[in-house]
Amino acid sequence: MHAIAPRKITVVGAGYVGSTCAHLAAQKNLAREVVLIDILEGRPQGIALDLNQSAAVEGFLTRVVGTNDYTATHDSDVVIMTAGLPRKPGMSRSDLLETNGKIVRQVADEIRRGSPQAIVIVVTNPLDSMVTLMQYHTGFPARRVIGMAGVLDAARFAFFLAEATGTSPADVDAMVLGAHGDSMVPMPRHCSINGVAAQDLLSADQLDEMAHRTRHGGAEIVKLLKTGSAWYAPASASVAMAEAMLNDSRRMMPCACRLNGEFGFEGLYMGVPAILGSGGVERIVELSLTAEARALMQKTAGAVEADTSTMRDLGLM
Ligand code: APR
């Protein structure tokens, strides 16, 4: 048996994404305690019991706690926020703005009171708006409130690139910037397979087609599932971010960060490459953009700003 760090991860929302996050975090022995909290009575408790009963088989040391009471979440090191409604077919992420905005506001108050030192990873959609609200209502420094989207979008792009080139997804490095929505900016010029530029292996048309599929990657799954949105890859991406920060591994991942002049934007959250460590976002990494990519970044920033002003009109911030 190996040692386990005396850390606590809280996962808010014991739905598909939240329970998969708890499962992955436990399997990786990421924390001594993973607290799963939901408003539904019985659901987080039932999932926690089920997960704990897999510990003897899997050999993990993490204890999962299911609860409806925030007391158990107090002094968490990392909070993964997944509570909210998922997208239904035909619904855009922005349709969720008001409903999920109210949930984020309420959860932010609880996190501020009970876990004032936590790093918060927001997964709830519409992502860029919900992470903006979370930072606003917790009042935490922006480096400790981060949105999960870029890791997921890049992983989707990487899978398509691996399929098209017949290579292992583990060898593919893909990059996606911008908002987590239809305006996201896949960056084919920055994709490679173990150092070989994707542009050397695939035609411009093939790359365009994959970028398009990445942009609509979430919607493609919503359409197939009919009753909700993706959960395995979103949970993998969230737990990878938590792991990078808890282990201070300084991995560089695309995440929704609050920009402070980087890429020419001020005060808005958007997907950019970030170095993740024990303090949260240790550094945002800027890269040179083509005129075309710059124009797409302006467009995606416009989409984030439009949602922010809707949230102000709705009295959410
Ligand atoms: N506090 C805690 N939990 C809540 C609250 C709240 N105020 N409001 C809702 N929940 C819970 C629901 O009871 C439900 O169990 O959040 C959970 C959401 O789970 P699912 O409906 O299964 O949704 P899921 O697929 O997990 O997606 C969650 O992640 O990717 C995003 O767009 C997705 O915003 C959605 C979120």
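Across the interface of domain 1 and domain 2, the rule picks up two salt bridges (a side-chain nitrogen of Lys or Arg within 4 Å of a carboxyl oxygen of Asp or Glu). Arg-143 and Glu-282 pair up through their side chains in a salt bridge, at 3.2 Å from N to O. The model is a predicted one, with local features needing pLDDT of at least 70 and side-chain atom pairs counted only at pLDDT 80 or more, while totals for chains, interfaces and linings use all residues. Side-chain values use heavy atoms, with hydrogens and water left out, and residues are numbered from 1 along each chain as its sequence is written.

As for the domains themselves, the assignment (automatic or from a database) gives domain 1 as 8–148 and domain 2 as 150–312. Their C-alpha centres sit 21 Å apart. Contact, meaning heavy atoms within 4.5 Å, links 38 residues of domain 1 with 45 residues of domain 2.

About 3400 Å² is buried between the two domains, 69% of it from carbon and sulfur atoms; buried area here is the accessible area (1.4 Å probe) that two parts lose on being put together, summed over both. Asp-128, Arg-143 and Met-148 supply 19% of what domain 1 buries against domain 2, more than any other three residues.

Helices (H or I, at least four residues) and strands (E, at least two) are DSSP runs, numbered from the N terminus. Elements that each put at least two residues on the side of domain 1 touching domain 2 include helix H1 (16–27), strand E4 (78–81) and helix H5 (127–138). H5 gives the most to that side, with eight residues.
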